[in-house]
Amino acid sequence: MTLKPPFNTIPAWLIDMDGVIYRGAKVLPGAAEFIQTLREQGQSFLFLTNNATKTPEQSVQRLAGMGIEVQPRDVFSSALATASHLTDVFPPPRRVLVLGGPGIQAAVCEAGYDVVTRAEEAEIVVNDLDQDVTYAKLAEAALAIGAGRPWIATNADPSLPTERGNLPGTGSLIALLSATTGREPEVIGKPETRIFEQALARLGAAAPDTVMVGDRLTTDILGGHQAGLKTLCVLTGIATRAEAEAYDPRPDWIIPDLEAILNP
Ligand SMILES: [Mg+2]
């Protein structure tokens, strides 16, 4: 199988996952064949996701269940980007209060930080989507942020698309904590240029040779454009065709699903 021109000549790809490869537990049309084709044709790729709730190993397992075989090194999440940023700006050892799940917890621990749960112990707050959030956890985060601790968010996506519809995302928790404290976090994930630079370095690719594939205009398309990549908007997630066509910067290509760029 091959990709349709001009996609068959693009050397490197950054690929969002939620709303592009799958929606909830459902693999999207053409996604498995697209990844298989990139591999067969020697076109390099890296999954680039704002979702830091899973470790790369967990993402690999989830993809394997959908018939997509990749390695942990093929997945770069905002959790890894956040840990890398932390080590640059606030080198370990330090105590970090993490509002988030296994993905960000593991990334922060592996970078050499102590993860704490009480506001009084925290030197830094890292904020991702915590799918087991409780009032008590929000209270500790709010107290630490309110006390002026650096507040770093893996991403600011307001919603998480699933097969049932959109669920609250990291941005929803940020909105709650902002309402409480009057502060805003430093955001690491897409559309910030830093995560694109880190991903390109990992891929060993130059921005002009690389396409960002995504479903969300305000992260994938805006961020890809700002980092100097070409952008491909897939309409299987957040953006509608009307929204994508009206958006500035307009995506370089807009397609209904990944099947649309595969030769039959
Ligand atoms: Mg997405």
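Biologist: How many residues of domain 2 are in contact with domain 1?

Modeller: This is a predicted model. Domain 1 covers 7-50 + 190-261, and domain 2 covers 79-187. On the domain 1 side, 15 residues take part in the contact, and on the domain 2 side the number is twelve.

Biologist: Which element gives the most to the side of domain 1 that touches domain 2?

Modeller: The residues on that side divide into three nonpolar, six polar and six charged. The element that gives the most contributes three residues, and it is H7.

Biologist: Are H3 and H7 roughly parallel or roughly perpendicular to each other?

Modeller: H3 spans residues 78-89 and H7 spans residues 193-203. Their axes come within 10 Å and cross at roughly 100°. Angles from 65 to 115 degrees count as roughly perpendicular. The two helices are therefore roughly perpendicular.

Biologist: Which residues of H7 meet H3?

Modeller: The residues of this contact divide into two nonpolar, four polar and one charged. H3 brings Ser-78, Ala-81, Ser-84 and His-85, and these meet Arg-194, Ile-195 and Gln-198 in H7.

Biologist: What arc do the buried residues of H7 cover around the axis?

Modeller: The buried residues of H7 are Ile-195, Phe-196, Ala-199, Leu-200 and Leu-203. They lie on the same side of H7, because the arc they cover is only 135°.

Biologist: Which helices do the buried residues of H7 pack against?

Modeller: Strands E1, E4, E5 and E13 are among the partners of these buried residues. The helices they pack against are H3 and H8.

Terms used: Residues numbered from 1 in each chain as written. Predicted model: local features only at pLDDT ≥ 70, side-chain atom pairs only at ≥ 80, totals over all residues. Axes fitted to C-alpha atoms, helices over the stretch in contact; angles between N-to-C directions. Helix = DSSP H or I, 4+ residues; strand = E, 2+ residues; numbered from the N terminus. Parallel < 35°, antiparallel > 145°, perpendicular 65-115°, else oblique. Contact = placed C-beta atoms within 7 Å. Nonpolar A, V, L, I, M, F, W, Y, C, P; charged D, E, K, R; others polar. Domains from an automatic or database assignment. Buried ≥ 20, exposed ≤ 12 C-beta atoms within 10 Å, placed from the backbone. Arc of directions from axis to C-beta.
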